[in-house]
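Here are a few notes to read with the model open beside you. Take them one point at a time.

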Amino acid sequence: MIYEGLDFDDVLIEPIPSKVNSREDVDLSVNLGVLKLKIPIIASPMKGIVSPELIIKLSELGGIGILHRFYEDESIWVKDINNLEESLIPYGASLGLNDWNKAEVILNNNTTIICVDVANGYTKAVLDFCEKIANIIKYNKLTTLLMAGNVATYQGALNLEKVGVDLVRVGIGSGTLCTTRNMTGIGVPQITAIQNCSNVSSYTVADGGIRNSGDVVKALVAGADVVMIGTSFGKTEESAHNGIIYGMA
């Protein structure tokens with residue numbers, strides 16, 4: 001299906017009368033069930049971006065980070081997982097499709113979020129894997145939230161919600177470094193994608209295309225519960241950024 005949609009540059013938020021006298025009075029907290037954040041920000045699981053140090057700092061500020069899965073030495077990944085667990089802060093960790101070794105480590109550490117980090121959330125393989133993970137979480141009565149995607153339509157989000165996904169990653173081709181739209185012609189403009197998916201009962205994660213704080217606000221107004229940011233965090237001192245950053249999954 002080909003249709004027109006709205007992206008961040010296509011919209012502005014109309015001002016309305018307000019009783020808020022200062023931006024410091026605005027409550028940006030979000031309740032995701034077992035997880036409550038002071039700010040609706042999640043750091044994307046990108047190798048050149050998210051380090052344990054960034055996860056800890058972002059947690060102190062009220063957000064949460066997702067540790068990436070692209071470690072050359074898995075023992076270092078396990079060490080980072082264990083260290084983060086010992087720090088007693090809420091954090092997330094990602095894994096690839098059918099990566100049961102990582103899943104076992106993450107679940108055993110009672111990680112706050114387990115993120116199935118793949119680009120296409122429409123495939124049966126992704127849905128089947130998510131359903132198995134969701135059943136393990138439910139059977140063991142864990143408080144871990146399951147995140148997966150990426151999708152950009154109501155049906156895509158609904159399919160993930162039906163198999164037990166709590167946090168639906170929304171955004172295909174919208175990322176700053178993403179080449180999906182150029183390579184395949186596939187995608188939905190991000191504002192429209194968020195609107196498509198936000199009516200599903202799962203929590204909506206706007207993933208991709210955030211270039212400034214104004215885009216964050218637009219994503220939240222469009223219906224996102226939280227916003228995932230990647231490239232912009234590469235400019236921080238705590239980032240794992242080593243001079244090279246690139247798209248993931």
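1. Start with two helices, H2 (residues 74-86) and H3 (residues 100-108): their axes come within 10 Å and cross at roughly 20 degrees. Angles under 35 degrees count as roughly parallel, so H2 is roughly parallel to H3. Keep in mind that this is a predicted model.

2. Why give both an angle and a distance? Because two packed helices are described by the angle between their axes and the distance between the axes. There's a handedness to note as well: H2 and H3 make a right-handed crossing.

3. Now look at who touches whom. From H2 come Glu 74, Trp 77 and Ile 81, and they meet Asn 101, Lys 102, Val 105 and Ile 106 of H3. Sorted by class, this contact of H2 with H3 has four nonpolar residues, one polar and two charged.

4. Zoom out to the whole fold. The protein chain has eight helices and ten strands. Its radius of gyration is 17 Å, close to the 18 Å that the globule rule gives for 249 residues, so the chain is as compact as a globular protein of that length.

5. How much of the protein chain is buried? Buried residues make up 46% of the 249 residues.

6. Last, contacts along the sequence. Take the contacts in the protein chain with a separation of 6 or more: 61% of them are between residues 24 or more positions apart.

Terms used:
Residues numbered from 1 in each chain as written. Predicted model: local features only at pLDDT ≥ 70, side-chain atom pairs only at ≥ 80, totals over all residues. Heavy atoms only, no water. Axes fitted to C-alpha atoms, helices over the stretch in contact; angles between N-to-C directions. Helix = DSSP H or I, 4+ residues; strand = E, 2+ residues; numbered from the N terminus. Parallel < 35°, antiparallel > 145°, perpendicular 65-115°, else oblique. Left-handed = near helix turned anticlockwise from the far one by under 90°. Contact = heavy atoms within 4.5 Å. Nonpolar A, V, L, I, M, F, W, Y, C, P; charged D, E, K, R; others polar. Rg over C-alpha atoms; globule rule 2.2 N^0.38 Å. Buried < 20%, exposed > 50% of the residue type's maximum accessible area, 1.4 Å probe, protein only.
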